[in-house]
Amino acid sequence: MSGRSSVAPRDAADVRAYDIETDVLVVGYGCAGAAASFEAARAGAQVLVLDRMGGPGGASALSGGEIYLGGGTPIQRACGFDDDPAAMAAFLCAALGPGADADKIARYSADSVAHFHWLAERGVPFKPTLWGEPAWVPPTDDGLMWLGENSLPFSGLAAPAPRGHRPAAAGFGGKLLMDCLAGAAESAGATALFDTKATCLIVASDGTVAGLVARRYGIELTIRARRGVVLTTGGFVDNDAMLAAHAPKLLGHTKVSAGTDDGSGIRMAQALGAGVRHMATGQVGISLIPGLAARGMVVNGHGQRFVNEDTYPGRIGQAALFRHDMRAWVVLDERAFDEVPERQRWGARPTHVAETAEELADLMGVPAAALADTVRRYNDFAREGVDPEFGKAARWVRPLTPPFAAIDVRAGVRPPAETGDRRGTGASVFTLGGLHTSLDGVVLDIDGAPIPGLFAAGRAASNVHGEGYVSGTSLGDGAYFGRRAGVAAARAG
């Protein structure tokens, strides 16, 4: 099993000759690896990228493509929004906490406009239009979307501004993003070796990482990295042994990955004494349609609301999994269902329908009196256009009228481009924890000291995230801190 394969480092003195030599070796070719490779090559280093798959992309290419950017980007200004780095940092510290890295957030926010221009210069297209509805992935090519900035508790921290920047692709834009970034790395001179799996690091007698051992088509390769190794190998959601050890709440759910997030890079670094952070944390994509949830109520197994439904849907997902074991339903009426166009419903349909809240509760298997009281209280306040219990914005608040419907999140939803049954637990998860790194991607040991010659970025590292998550912060911080790690590696040695 992948979680039990040895990652013990190899002594450089035991390597008689290297099969391949390069200045900077990047392991993993997602957005962080592509960004690191580009910057290292642009800094004058000879760069080799390894990936166990047959080409670049990884989980980044399968993603929605959202990149969290702000501080006053051209797209924000074109859509009529003022923003500044302080407001962006305030939101991220709150949304990504507790445990969010304030120093990294401050640097990322201060450099966000420049990072936008870096992406645009690499060919990533952004359209200066706003998608204004709650959504996981909009069906349009609009270049900007809200990600909870305009919902409580965040709307009170700073003037809200949308910061979800999207490549100009209708629906999922991850492939377009990766095509641009991988093309940029190749144009800068980085070369790649695919179908190659890293197995352990090679370490010199003074503790400096000198390269790594890999396997390609069953043949062992030793690769020397004269300046540094950059680990961009992803998280560990595909390694059930690591999940059991660090994040057991994430076990048994649909995995959001390319199937290769086995934690190998994290484990290889840990074998050298690397520190890790926030290993129990994870993002939870809950199987609900945000536009339907915002127009109705999300209730738990006790028939009670537990969140403002207009917030970033990942917050609903984390609350549903970590506090309510995924016993969650969207309760709504016919008008709410019809207001969301069929294309945006991703196949979601009511699993229960009834004339009264009590009858609906019986079908759902939740306490009838509790659900009836929840609906009554919600409607009483909704007639005044307010939600004092959870603070949902007035735009989404109105009384629900019979007949009522409930959508069990365990019934699943499926983006239009996908096929097959998506019924499961109602949660699609990935890990957020990873290696402890400096602002420049240097891997730090358990004492906080640098491990010479070793760098990390992307989901293999713990960067801006604490316990929270917002779409676009994986691709955003992966590319940004990948860039920093690539520059630092090129200048090392």
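Biologist: Why is Asp387 called buried?

Modeller: Asp387 has a relative accessible area of 7%. Buried means under 20% relative accessible area, exposed means over 50%, and partly exposed lies in between (1.4 Å probe, protein chains only). At 7%, Asp387 is therefore buried.

Biologist: What kind of model is this, and how are its residues numbered?

Modeller: The model is predicted, with local features needing pLDDT of at least 70 and side-chain atom pairs counting only at pLDDT 80 or more, while totals for chains, interfaces and linings use all residues. Residues are numbered from 1 along each chain as its sequence is written, and side-chain values use heavy atoms, with hydrogens and water left out.

Biologist: What makes the contact of Asp387 and Arg305 a salt bridge?

Modeller: A salt bridge is a side-chain nitrogen of Lys or Arg within 4 Å of a carboxyl oxygen of Asp or Glu. The N to O value for Asp387 and Arg305 is 2.9 Å, so the pair meets the rule. Arg305 also counts as buried, at 7% relative accessibility.

Biologist: How do you know that this pair links distant parts of the chain?

Modeller: Asp387 and Arg305 are 82 residues apart. Asp387 sits in the loop between α14 (368–382) and β18 (404–408), and Arg305 in the loop between β15 (297–300) and α11. Helices (H or I, at least four residues) and strands (E, at least two) are DSSP runs, numbered from the N terminus.

Biologist: How many salt bridges does the rule give?

Modeller: The count comes to 31 salt bridges. One of them joins Asp325 and Lys249, whose closest N and O atoms are 3.0 Å apart. Asp325 is in the loop between α11 (313–324) and β16 (328–333) and Lys249 in the loop between α8 (240–246) and β12 (254–255), so this pair ties together parts 76 residues apart in sequence.

Biologist: Why is Asp325 called exposed, and Lys249 partly exposed?

Modeller: Asp325 has 54% relative accessibility, which counts as exposed. Lys249 has a relative accessible area of 37%, which makes Lys249 partly exposed.

Biologist: What separates Asp380 and Arg376 along their helix?

Modeller: They are four residues apart in helix α14, so about one helical turn lies between them.

Biologist: Which network of salt bridges includes Asp380 and Arg376?

Modeller: The network links Asp373, Arg376, Arg377, Asp380, Arg383 and Glu389.

Biologist: Where is Gly183, and is it buried or partly exposed?

Modeller: Gly183 lies in helix α7 (residues 174–188) and is partly exposed at 28%. Gly183 and Phe38 are 145 residues apart in sequence and 9.3 Å apart in space, C-alpha to C-alpha.
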